[in-house]
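The sequence and the model are shown first.

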2 protein chains.
Amino acid sequence: METGKLRAVKIIIIIINVVFNFFFLLCLYLDFTQESQTREAFRQAVVNTLERRLFYIPSFKIYGGVTGLYDYGPPGCAVKANILAFWRKHFVLEENMLEVDCPCVTPEIVLKASGHVDKFTDLMVKDEKAGTCYRADHLLKDFCKDELEKGPNLSAEKAAELRHVLNVLDNLSMEELSAKIKEYGITAPDTKNTLSDPYPFNLMFQTSIGPSGSSPGYLRPETAQGIFVNFKDLYYYNGNKLPFAAAQIGQAFRNEISPRQGLLRVREFTLAEIEHFVDPEDKAHLSRLRFRQHLANEMAHYAADCWDAEIESSYGWIECVGIADRSAYDLHAHADKSGVPLVAYEKFPEPREIEVSPPSIPQFTKLVIAPVKRSWVLLSKAMGEKEAMEMKTTLEAMGEAELHVCTLDKVVTIKNNMVAISKEKKKEHQRVFTPSVIEPSFGIGRIIYCLYEHSFYTRPSKDGDEQLNVFRFPPLLAPIKCTVFPLVQNQQYEEVAKQISKSLTAFGISYKIDITGASIGKRYARTDELGVPFAITVDSTSSVTVRERDSKQQIRVNVDEVASLVKSVTDGVSTWPDLLRTYPIHSS
Amino acid sequence: METGKLRAVKIIIIIINVVFNFFFLLCLYLDFTQESQTREAFRQAVVNTLERRLFYIPSFKIYGGVTGLYDYGPPGCAVKANILAFWRKHFVLEENMLEVDCPCVTPEIVLKASGHVDKFTDLMVKDEKAGTCYRADHLLKDFCKDELEKGPNLSAEKAAELRHVLNVLDNLSMEELSAKIKEYGITAPDTKNTLSDPYPFNLMFQTSIGPSGSSPGYLRPETAQGIFVNFKDLYYYNGNKLPFAAAQIGQAFRNEISPRQGLLRVREFTLAEIEHFVDPEDKAHLSRLRFRQHLANEMAHYAADCWDAEIESSYGWIECVGIADRSAYDLHAHADKSGVPLVAYEKFPEPREIEVSPPSIPQFTKLVIAPVKRSWVLLSKAMGEKEAMEMKTTLEAMGEAELHVCTLDKVVTIKNNMVAISKEKKKEHQRVFTPSVIEPSFGIGRIIYCLYEHSFYTRPSKDGDEQLNVFRFPPLLAPIKCTVFPLVQNQQYEEVAKQISKSLTAFGISYKIDITGASIGKRYARTDELGVPFAITVDSTSSVTVRERDSKQQIRVNVDEVASLVKSVTDGVSTWPDLLRTYPIHSS
């Protein structure tokens, strides 16, 4: 249906606007700084800092870790909580979405219906002796890249072929992949042993629900299915009206064959997914979203090639939000498998006259199949609109037609004067249809990682003999909003520091207090590396200085004002330039 | 160590204070109302309302559901988010806890070390023909209760015995359970088939990590292990200082044999756990927690019999927080299995002279075991302090002693003049020890369910012919903070309603707008049942009325003030009685 498709495209464009608006707000303060460094060196610097300051930790590290599993340490947890709170505010609250929270453990029948049991696979090859598993496309990709890097020894023809393989890699069938691996003689990278033929490996973690062992289940590979199976209740909750959107934040699991790319390709991750349920034929609610269309002009061109929202990182452009037009696929699948209709209703203002099929053929029923109980029901079931119309044509042309009556297992002859076949006009009061679904799905872990890279920079220390790390997190997202430093170790200053801490807690502002005797420069550097945007230094009992992380500018503020000032600039009610205009500048 | 134990008890008492303070704040507005109803009828009324208004939904309902799995619908999600935000503020932020976020998927080695692989079991019996599984203790409990209910036919002796069994049920061994089931002739409740002997069933969901099938894993049964394996990094993050507390909120999984009690006994649930790492010999940080000791007098008596924080519900008293003194069990277990020391250090202000064992016996080493390489090391390893001191006594009394030298596999005779056994004095600069752990663990789902029961009441409708349901949620926890109702369908009022909605969104206040033509009484009733504390009714273009849910009192407020007023009373900055004093009362 062309109008349905066109409509989906329009909705996707609007959603892309909203998503980019979200990133625009997140990234306002961000600027990608990789100037004089290679991407690898830059990434190493970021990752070292992240791991040393416990933004993340390889899970189960003391046992050697598990590939593809990471913990968030204290500052990482705070950043994640900030992003999720902002996401909830930006999408769920501002757009009145219906949030749900479903279990990770999912029975097989649900994921069988959704197609994941049969189709959620990657192609795998096995080292035939060692048993190690590899992703078939990864090995082919690595081989082609390595060959191309060897450079001069390659013929132009060969190079062109390898580049072609890299371009079409994602579209190769199992047979084509197998053929290429054989043709190039690719072996297991660690042992050089021969490899098995590629075969599909299901990426879902399997488990068993209950004690009997007879109820297989999986850890959900996406949160979306939990929303789809609740469609009926959510539609009711929304007053039986379309459009509406449902959202879910939660863990998803994919048992990757060989995870790479650090924090970007993991086996367990937080997804934030939205399912927009819309009537494919109704344009009315465009106006409900239009208030977000301020970027519409620029956005149209993204829509053409940019169904995914991508962010640039040291790994290149990576998908952080996938916007999928799932049409009615999932609702149809679950309705078929569960037997529960998952449909929406459009009540007409006035009943409409509609031609319905199959045609009503009362004389026909009476005359021919009178001996058979429930006869015309059976007949009308057996005979669709197309067959009935064919019979009508035959009757009109030949004067009679043959009909196989299955309940009698007998062919009977129908004469023209026995029946009257015509489409019946019926009054209908409503339209019943399966809603279309448009889904923006956010990979929260990836968004957090990109935030880290985009926020990271280094600058020389005061004496210039080392490079200091800084995360320039916007205050909204910073894991810790400010620090409190008594300038020197002294009871009076510590009392003031305690008083300020108490006010910060009352305002709900996270802070770090450091009463060690370390030099103030050292204490600033320690917390710059955690991305703390403001530092309060207690250097008198009546007023303190507040330092901004990136500009290193300082202002002087009264002790009893400072907590509310930090709150206002953290909440975005005021900005650092505002404060510079209001408070005396302090030069140390 | 008596001081260690005493110390743990003291810390637990303090933590119980903090936990009860948390509930006190949550429950301030609550009052358990079951007056004239049976518990079962009351529960049915609550659960019906919860399910009809989508506070929760049986998971995968269209497929018939899965026992022990529930979804949170939109208002349930909002309540959960509110409780978690409050929990984070009350514990993590105010007590500067280190939050972590670890995966649910956990490799076997971790849960083997923690003892869960071997010991996290319930005793199960199987219907020998049908294969259905039951918890052995449940069947015995049901049997005893049923017998006791039969009443008059029972001898006093028999009744006493059954009551005794019910009392000791939790302490019965596998053999004792088996014997009782046989003695009473208990059969499968559904089929009356004979039952298997009880056997342990592990309650963890099992899965496999990675594609090879050779790395077994489990879904974590508690979040605590993720904290323990990170102890070393968290201790470092805390500046290598004790005490500190780490916290984690996340999903936990228990594959219950036959879940009962609706929302209270589920297979997947949100836990909020805290691990306090403390030095068992140091009392210094008691003062850090003392600011929460304002309930200390009342609390002491709970500490005696109330290690678990329990809440009364229609199911009786149920555990919502478990406070466990885990001592050094987990850290020892993970250190042993991983080989990574998980210890804390106490630096002495000045080096201390300490008698160390085993004693140094240099002459002894030289004279007797000179032929053996690394001899004295082996000797001192073979001989503990006790043995060395026994040898010293023997030598002093007898003039000689026998010694088996294992590396020579030979017994040698040691003479008094060959050796000098004495304890050596060493200067030590620090003490190395394994911290003790005190853990308060919150079952968030249970707390939410109790909140529902405690908040629920019914009251007659205006015309008295039906009972209306109300949830008296405190504004802080209410899923939706206010409603906006234009009194009649009219464009001017709808404009005002939109303007108010916009201000509410800007303040981050969740609301529901209802522009249906339903009577205002009906609209109030609909949202009372969702626990919405305030209703704004637009009945003019300059001012509106605000109605409080429980008192049904109304005040009149200017249109441009109303959003900030709702925010102040939702945030707890002002209370409804404050508003009654400030704004004119409206009587409809």
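Two strands are said to pair if DSSP finds at least two bridges between them. The model to which this rule is applied here is a predicted one. In chain B, three strands form an open sheet in the order S4-S9-S8, and their pairing is antiparallel. The edges of this sheet are held by strand S4 (105-107) and strand S8 (206-208) of chain B; each has a single partner strand, so one side of each is left without a neighbour in the sheet. From one strand to the next, the twist averages 40°. Between S4(B) and strand S9 (residues 216-219) of chain B, which run antiparallel, there are three bridges. To locate this pairing in the model, the reader may look for Thr106(B), which stands opposite Tyr218(B) in S9(B).

A second sheet is found in chain A. Here six strands form an open sheet in the order S22-S21-S23-S24-S25-S26, with mixed pairing. Strand S22 (511-513) and strand S26 (585-586) of chain A stand at its edges, and because each has a single partner strand, one side of each is left without a neighbour in the sheet. Within the sheet, strand S23 (residues 534-538) and strand S24 (residues 543-548) of chain A are joined by five bridges in the antiparallel sense. Ala535(A) has Arg547(A), in S24(A), as its bridge partner.

Helices pack on this sheet of chain A. One of them is helix H18 (residues 491-506) of chain A, which touches strand S21 (482-486), S22, S23 and S24 of chain A. The direction of helix H18 makes about 165° with that of S21(A). Helix H19 (residues 520-528) of chain A also packs on the sheet, where it touches S21, S22, S23, S24 and strand S25 (554-558) of chain A. For helix H19, too, the angle with the direction of S21(A) is about 165°.

The account now returns to chain B. Strand S24 (residues 543-548) and strand S25 (residues 554-558) of chain B pair in the antiparallel sense, with five bridges between them. In this pairing, Val546(B) stands opposite Ile555(B) in S25(B). The hairpin of S24(B) and S25(B) has five residues between the strands, and in it Lys552(B) takes a positive phi near 65°. Strand S25(B) is also joined by two bridges to strand S26 (residues 585-586) of chain B, and these two strands run antiparallel. The bridge partner of Gln554(B) is His586(B), which lies in S26(B).

It remains to consider how the two chains meet. In the predicted model, 75 residues of chain B are in contact with 75 residues of chain A. Between them the chains bury about 6,200 Å², of which 66% is on carbon and sulfur atoms. On the side of chain B, Ile62(B), Tyr63(B) and Tyr237(B) lose the most area to chain A, together 13% of what that side buries.

Four salt bridges are counted between chain B and chain A. One salt bridge brings together the side chains of Asp101(A) and Lys80(B), at 2.5 Å from N to O. Helix H3 (residues 74-93) of chain B supplies six residues, the largest share of the side of chain B that touches chain A. By class, that side has 43 nonpolar, 17 polar and 15 charged residues.

Note on methods
Residues numbered from 1 in each chain as written. Chains lettered and ligands numbered in written order. Predicted model: local features only at pLDDT ≥ 70, side-chain atom pairs only at ≥ 80, totals over all residues. Heavy atoms only, no water. Contact = heavy atoms within 4.5 Å. Buried area = accessible area lost by both parts, 1.4 Å probe. Helix = DSSP H or I, 4+ residues; strand = E, 2+ residues; numbered from the N terminus. Nonpolar A, V, L, I, M, F, W, Y, C, P; charged D, E, K, R; others polar. Axes fitted to C-alpha atoms, helices over the stretch in contact; angles between N-to-C directions.
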